[in-house]
Amino acid sequence: MKHEKIVVVIDLPQPTGAELWPPDEPGPRARLHKPWRTLVAVVEVVLAVLAGWAAYACWHNAAAVVVTRTEDGALLESHRYFGGLLAAAIGIGIVAALLLVDAARQLLLAVRARGLKTSD
């Protein structure tokens, strides 16, 4: 005896939430070209440099060399790594990279973005 599955698909319209928002009102469009964005970009670059310095300091303080002399006079050298400082260095480095990317975006918007000319 063969069993067959019957699949029933009911295709109902899904709510989009469009009715929750009022229709767009005509008015002035927001400008992207704002010269003060240059100052924001400069501040972000300074913060990125400081974050890079902090990441460098965390990375180089995350390792310690432990030297032990045994009874027969042999020197044993081992390296101890501190995971918290390594993780902090990686996290701060990521923040520095994001700050540099956003600084580039701000600088481009300060210099190049112009209003779109629309024909009505």
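**A buried aspartate and its surroundings**

Let's start with aspartate 102, which counts as buried because its relative accessibility is 19%, and the cut-off for buried is under 20%. Keep in mind that what you're looking at is a predicted model.

Aspartate 102 has a partner. Side chains of opposite charge can pair when their charged atoms come close. Here, the side chain of aspartate 102 meets that of arginine 105 in a salt bridge, at 2.9 Å from N to O. The count of salt bridges comes to one. Both residues sit in helix H2, three residues apart, or about one turn of the helix. Arginine 105, at 41% relative accessibility, counts as partly exposed, because that label covers values between 20% and 50%.

Now step along to glutamine 106, also in helix H2. Its relative accessible area is 8%, so glutamine 106 is buried. What is glutamine 106 in contact with, leaving aside its neighbours within four places in sequence? The answer is Arg37, Val40, Ala41 and Glu44.

That brings us to helix H1, which covers residues 37–60. Several of its residues are buried: Arg37, Ala41, Glu44, Ala48, Ala51, Ala55 and Cys58. And where do the buried residues of H1 pack? They go against helix H2, residues 83–111.

One last check on H1 itself. With 24 residues at 1.5 Å a residue, the helix should span 34 Å. The C-alpha atoms at its ends are 35 Å apart, so the model agrees with that expectation.

Key:
Residues numbered from 1 in each chain as written. Predicted model: local features only at pLDDT ≥ 70, side-chain atom pairs only at ≥ 80, totals over all residues. Heavy atoms only, no water. Helix = DSSP H or I, 4+ residues; strand = E, 2+ residues; numbered from the N terminus. Expected span 1.5 Å × (residues − 1). Buried < 20%, exposed > 50% of the residue type's maximum accessible area, 1.4 Å probe, protein only. Contact = heavy atoms within 4.5 Å. Salt bridge = Lys/Arg side-chain N within 4 Å of Asp/Glu carboxyl O.
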